[in-house]
Amino acid sequence: MVLTRFCLSTATNCSIGDGILNILCIGDVVGSIGCQFLRSRLPTLKKTKAIDLVIANGENSADGNGITPASAEHLLDSGVDVITTGNHSFRRRESYDLYDTWDNLLRPANFPSQAPGKGLCVVDKGRVQVAVINLMGTVYLESLRCPFETLDALLKTPDLPKLCVVDFHAEATGEKRAMGFYADGRVTALFGTHTHVPTADACLLPHGTGYLTDAGMTGVIDSVLGVKKEIIIGKLRTKMPARFDLAKGPCKMDAVLFTADESTGLCTGVERLTLMD
């Protein structure tokens with residue numbers, strides 16, 4: 001694999017230079033209301049936490065699922081550096097060309113090679129580089145290439161930086177935990193996405209990888225995974241088809257902050273964050 005690198009300017013208050021890198025990973029951004037809330041909170045958070053790199057899962061950032069050019073641009077313009085996706089990567093046809101033209105928009109690496117885009121990029125911040133990998137689980141989701149084998153292959157990529165963060169978009173907590181231990185000591189951090197519910201197991205794994213089973217969601221609090229709760233309740237009770245309209249109201253942004261050692265490429269701290277209206 002040929003690595004794709006892209007450069008980011010370094011903010012004046014960031015931690016690069018003292019050997020420490022602060023990497024913020026944001027849970028699934030749901031709809032335009034989630035995008036707007038992220039924009040309202042991320043700039044201040046980046047300053048107060050001296051954040052050097054922001055990764056956000058944007059596979060639900062468009063109203064009605066998927067990602068569109070408009071929602072992707074909104075996230076990047078709001079301060080996100082790399083957008084990861086998941087099982088809704090290709091829900092919107094208008095996004096297909098983006099995956100082949102934007103270096104910082106990823107789809108799960110274990111999709112077939114014929115699918116648009118790639119699952120690995122390298123962010124060049126000058127004196128340090130960071131690899132970002134996007135993988136998808138196969139338990140209760142599509143039958144893709146084994147994510148464990150895919151990770152092994154990607155970690156053999158020539159000139160891969162020491163610093164490497166993985167978004168594992170998966171349904172089953174057991175699969176996510178297993179992947180965390182499998183990757184332990186080989187990547188800087190691994191965080192899960194997809195369930196939209198933040199977990200309470202943020203930790204440093206035994207060999208120095210930062211870990212969180214699921215980062216959570218950026219969207220409306222009074223909802224079921226960002227959708228109007230009445231719709232989901234009705235569907236579960238009646239088993240009838242339903243249009244999943246997004247909820248409205250006060251929002252939250254769930255995220256996890258990993259502190260990394262530039263010299264070792266390992267994680268030194270993990271902090272789970274929730275910002276609310």
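**A walk from the rings to the salt bridges**

Start by selecting Tyr96: at 24% relative accessibility, Tyr96 counts as partly exposed (buried is under 20% relative accessible area, exposed over 50%, partly exposed in between, with a 1.4 Å probe and protein chains only). You're looking at a predicted model, where local features need pLDDT of at least 70, side-chain atom pairs count only at pLDDT 80 or more, and totals for chains, interfaces and linings use all residues. Numbering runs from 1 along each chain as its sequence is written, and side-chain values use heavy atoms, leaving out hydrogens and water.

**Rings**

The model has four aromatic pairs (ring centres within 6.5 Å, using the six-membered ring for Trp; planes under 30 degrees apart are stacked, over 60 edge-to-face, the rest tilted). Phe90 itself is buried, at 19%. Now bring in Tyr99 and Phe111, and you have a cluster of four linked by ring pairs.

Jump to Phe148 and Tyr182, whose centres are 5.2 Å apart with planes at 80°, so this pair is edge-to-face too. Phe148 sits in helix 4 (residues 147-155) and Tyr182 in helix 5 (residues 173-183), so the pair ties together parts 34 residues apart in sequence (helices are DSSP runs of H or I, at least four residues; strands are E runs of at least two, all numbered from the N terminus). Keep Tyr182 and show Arg186, which lies over the ring face, 4.8 Å from its centre (the rule: NZ of Lys or CZ of Arg within 6 Å of the centre and within 35 degrees of the ring normal).

**Core**

Next, pick Leu24, Ile26, Leu38 and Val80, the residues with the most contacts inside the largest nonpolar core, which has 34 residues (buried Ala, Val, Leu, Ile, Met, Phe, Trp, Tyr and Cys joined through side-chain atoms within 4.5 Å). Elements giving two or more residues to this core include strand 2 (20-26), helix 1 (31-48) and strand 14 (267-276). Helix 1 gives the largest share, five residues. Another core, apart from this one, has 22 residues, among them Leu53, Val165, Val256 and Phe258.

**Salt bridges**

Last stop: eleven salt bridges (a side-chain nitrogen of Lys or Arg within 4 Å of a carboxyl oxygen of Asp or Glu). Select Arg41 and Asp277, which meet at 3.8 Å, N to O. They link distant parts of the chain, helix 1 and the segment after strand 14, 236 residues apart. Then try Arg243 and Asp245, bridged at 2.7 Å; Arg243 is exposed, at 66%. Finish on Asp222, Lys229 and Glu230, joined in a salt-bridge network.
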